[in-house]
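Subject: Structure handover

Hello,

Here is the structure I said I would pass on. Please look through it first; my notes follow below.

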There are 2 protein chains.
Amino acid sequence: MTDTKTKAVVLLSGGADSTTCLAIARAEGYASYALSFDYGQRHEAELKSAVRVAKDLGAEEHLILTLPLGAIGGSALTAPIEVPKNVPPEQMRDRIPVTYVPARNTIFLSLALAWAEVLHASDIFIGVNALDYSGYPDCRPEFIESFQKMANLAIRESVEGRMQIRIHTPLISMTKARILRRGIELGVDFSLTHSCYDPDSKGRACGRCDSCTLRRKGFAEAEIPDPTVYAPRR
Amino acid sequence: MTDTKTKAVVLLSGGADSTTCLAIARAEGYASYALSFDYGQRHEAELKSAVRVAKDLGAEEHLILTLPLGAIGGSALTAPIEVPKNVPPEQMRDRIPVTYVPARNTIFLSLALAWAEVLHASDIFIGVNALDYSGYPDCRPEFIESFQKMANLAIRESVEGRMQIRIHTPLISMTKARILRRGIELGVDFSLTHSCYDPDSKGRACGRCDSCTLRRKGFAEAEIPDPTVYAPRR
């Protein structure tokens, strides 16, 4: 009974975090509209995961928008810059890594906002995490709060008083282990997800980039078998 | 001597307002990086104007990004909805028109922010106007202020203290007549610009949409000859 449920736009990369975020939105009773971006990220395997996950978790719709972020530049994810390997998690917070994409969450949330207005969905879910966050400024609570304020001044539906946009960040203060455990509780099949920044041509995870390092550590701490398919050591 | 000048990203649609805004950025001594969007707007003639104007006003670079806003929907500018004609200017403020594109300035400013960070440009110019503004919520000063606050929490260059983003809105409280006069003072050739929401196949202005109505009225009030090429009455 889709039309009796409140709609939410859920940003979905296809990684473990955004997938758990989608499962949480579903568990909270929202009709989910998954939004993914093809932004020239090297890890296209992510998008394939997003498609599988959106289907598996029963998203009402899954919209994939193509964004030419590579033309703007400035990131190892969209340009030929080497992705760093084997950085210990405790050092990740000390520097913003080259995998940082300028203004990425601002851009993604802006497009989510546009779709939310068209759908009359007042709720937007984003799986940012400020704890194991790998150093991105646009994953912090103060950024999210500020975006929400701005959003309610930006769109017709808010300005004319018909809805207030709420940005939900259910993972923001969870450890990776807790995120994975919550996902398992909600029936997430993590073998469908993809987190690696630098997979091989078969889409297998490198096991050594920041994203793989955090994910491996999370599975180990959560004492959940890691279903990730890793590439043989190059 | 480009590299001694401060860089600014200038949003450029190719219309009279954004063109004057670019001329103002230049007059204030900035090295301008013009940013335009191909977002499935019906008036592609705008983009051709943007290319001419960026060249004519000496932009250092002109980046045109393709955005699939039509896939999100919700606007007469990107979908087959009729553009209203002959609305008197005094009635435009009473309703947000169907030419409203959900979250458009939020999306455009987000991408300008990303480019600004890559260029190390702390200044962004946008030709929004709150007076003759045709009813868009994301043209109001409170929206712009809120976006600027959010921007400074979003990007690495700001969060690490190397720059503060400033959003400049030099036209925000000008009448259309004053914008046109200021453009003329700064050497803008308005025959290169395009404002119409619904041009004919030859790119000629309809003369009757909100944008044409405001532009015509502006030229009349400024007592400047209108260089616009209008289509014969259909």
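Two residues are in contact if their C-beta atoms, placed from the backbone, lie within 7 Å. By that rule, and leaving out residues up to four places away in sequence, B:V10 touches B:C21, B:L22, B:A25, B:S32, B:Y33, B:A34, B:L35 and B:F125.

This is a predicted model, in which local features need pLDDT of at least 70 and side-chain atom pairs count only at pLDDT 80 or more, while totals for chains, interfaces and linings use all residues. Residues are numbered from 1 along each chain as its sequence is written, and chains are lettered from A and ligands numbered from 1 in the order in which they are written.

Core and overall form

A residue counts as buried if 20 or more other C-beta atoms lie within 10 Å of its own, as exposed if 12 or fewer do, and as partly exposed in between. Of the 234 residues of chain A, 54% are buried. A nonpolar core is a set of buried Ala, Val, Leu, Ile, Met, Phe, Trp, Tyr and Cys residues joined through C-beta atoms within 7 Å. The largest such core has 144 residues, and A:V10 and B:V10 have the most contacts inside it.

The C-alpha trace of chain A spans about 55 × 35 × 30 Å along its principal axes. Of the contacts in chain A with a separation of 6 or more, 73% are between residues 24 or more positions apart.

The sheet of chain A

Helices (H or I, at least four residues) and strands (E, at least two) are DSSP runs, numbered from the N terminus. Chain A has nine helices and five strands, in the order β-α-β-α-β-α-α-α-β-α-α-β-α-α from the N terminus on. Strands pair if DSSP finds at least two bridges between them. The five strands form an open sheet in chain A, ordered β3-β2-β1-β4-β5, with parallel pairing. Its edge strands are β3 (61-66) and β5 (166-168) of chain A, each of which pairs on one side only.

Strand β1 (residues 7-11) of chain A is joined by three bridges to the parallel strand β4 (residues 123-125) of chain A. Within β4(A), A:F125 is the bridge partner of A:V10. Helix α1 (residues 16-27) of chain A packs on the sheet and touches β1, β2 (31-38) and β4 of chain A. The direction of α1 makes about 170° with that of β1(A), where axes are lines fitted to C-alpha atoms, for helices over the stretch in contact, and angles run from 0 to 180 degrees between N-to-C directions.

The two chains

The same surface serves both copies, as 100% of the contact residues of chain B recur in chain A.

How many residues of chain B are in contact with chain A? There are 34, and they meet 34 residues of chain A. On the side of chain B that touches chain A, the elements giving two or more residues include β3 (61-66), α5 (104-119) and α6 (141-154) of chain B. The largest share, nine residues, comes from α5(B).

Two loop residues

B:A103, in the loop between α4 (89-92) and α5 of chain B, has a positive phi of about 55° although it is not a glycine. B:A103 is buried, with 28 other C-beta atoms within 10 Å. B:H120, in the loop between α5 and β4 (123-125) of chain B, has a positive phi of about 60° and is not a glycine either. B:H120 counts as exposed, with 11 C-beta neighbours inside 10 Å.

Regards
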